[in-house]
Amino acid sequence: MRQIEQLLIVAGPTASGKSTIVEKMATPALSRLATRIGLSDIESWPRMVAHHYAALDDLKLDRLLVHYDFVWRPPDSSIERPGGNGALTLLEGVREVTLVTLWTPPERLERQLIAGKLRAALPRTPMLILKAGFFRFLPGFVLRRLAATAALQRVCGRAPERLLSHHLRLLAIYSSAQSVAALYRRWFEFCDLHVPQARRHLIVEFDNKLKFYSRDEWEHRATSGGRTT
């Protein structure tokens, strides 16, 4: 039986920068975030990736920090339904939850997805080396157009559990500011409906400096910003 007194969830879509936020949580660069969260000694909290944590049925901790990708999907679910990939399982046996949602604008999501996922170092197998070389060779605008083609999206949809398929499907979504905003809205709706024990939900942006948004401020930011590249 799982018993967690305090659960801190750092959430965002794939390539939004969740790991960076978690790694820097206790550093001076993010001291304001730790203060706003209102939890002490965050640097000493045990940390887990969400899908590892969700698989543990017998866990008893006073506090735990989990970083959670709200668009990663198991094979039988939809990428367009944030919160459906085991989020409810995360909340079982938890007394109190603090949520930090990382807002990353679409153009930065694209850059980070390409640089950190499609062009990242890959295991040394011939096929993956070939794929890595292919994606490193193509300019970013070509990758965006390629990912948006119906043919490639159909191919990726046949094996959504594969990382490459997931990343290419997301690249097409990230090219649309409206689609990215919709992903976040569905995540916020999920939290409103299913996380009644949340003591606080912070929306933050981190790109060299930290910014905080209310829900209304985020909505304005998400709907008023167009593509810059």
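Contact here means heavy atoms within 4.5 Å.

**Figure 1. Overview of the predicted model of the protein.** The protein contains 11 helices and 6 strands. Among contacts with a separation of 6 or more, 70% join residues 24 or more positions apart. Of the 229 residues, 45% are buried. The protein exposes about 11700 Å², and 55% of this area is supplied by carbon and sulfur atoms.

**Figure 2. Packing of helix H5 against helix H9.** Helix H5 covers residues 106-118 and helix H9 covers residues 163-174. Their axes are 9 Å apart and form an angle of about 160°. Angles over 145 degrees count as roughly antiparallel, and H5 and H9 are therefore roughly antiparallel to each other. Their crossing is left-handed.

**Figure 3. Residues at the contact of H5 with H9.** From H5, the residues taking part are Pro106, Leu109, Glu110, Leu113, Ile114, Lys117 and Leu118. They meet Leu164, His167, Leu168, Leu170, Leu171 and Tyr174 of H9. By type, the residues of this contact comprise 10 nonpolar, 1 polar and 2 charged.

Figure 4. The relative accessible area of Ser16 is 4%; buried means under 20%, so Ser16 is buried. Leaving aside residues up to four places away in sequence, Ser16 touches Leu102, Thr104, Leu109, Gln112 and Tyr184.

Definitions and conventions. Residues numbered from 1 in each chain as written. Predicted model: local features only at pLDDT ≥ 70, side-chain atom pairs only at ≥ 80, totals over all residues. Heavy atoms only, no water. Helix = DSSP H or I, 4+ residues; strand = E, 2+ residues; numbered from the N terminus. Buried < 20%, exposed > 50% of the residue type's maximum accessible area, 1.4 Å probe, protein only. Areas by Shrake-Rupley, 256 points an atom, 1.4 Å probe, with all protein chains shown as cover. Axes fitted to C-alpha atoms, helices over the stretch in contact; angles between N-to-C directions. Parallel < 35°, antiparallel > 145°, perpendicular 65-115°, else oblique. Left-handed = near helix turned anticlockwise from the far one by under 90°. Nonpolar A, V, L, I, M, F, W, Y, C, P; charged D, E, K, R; others polar.
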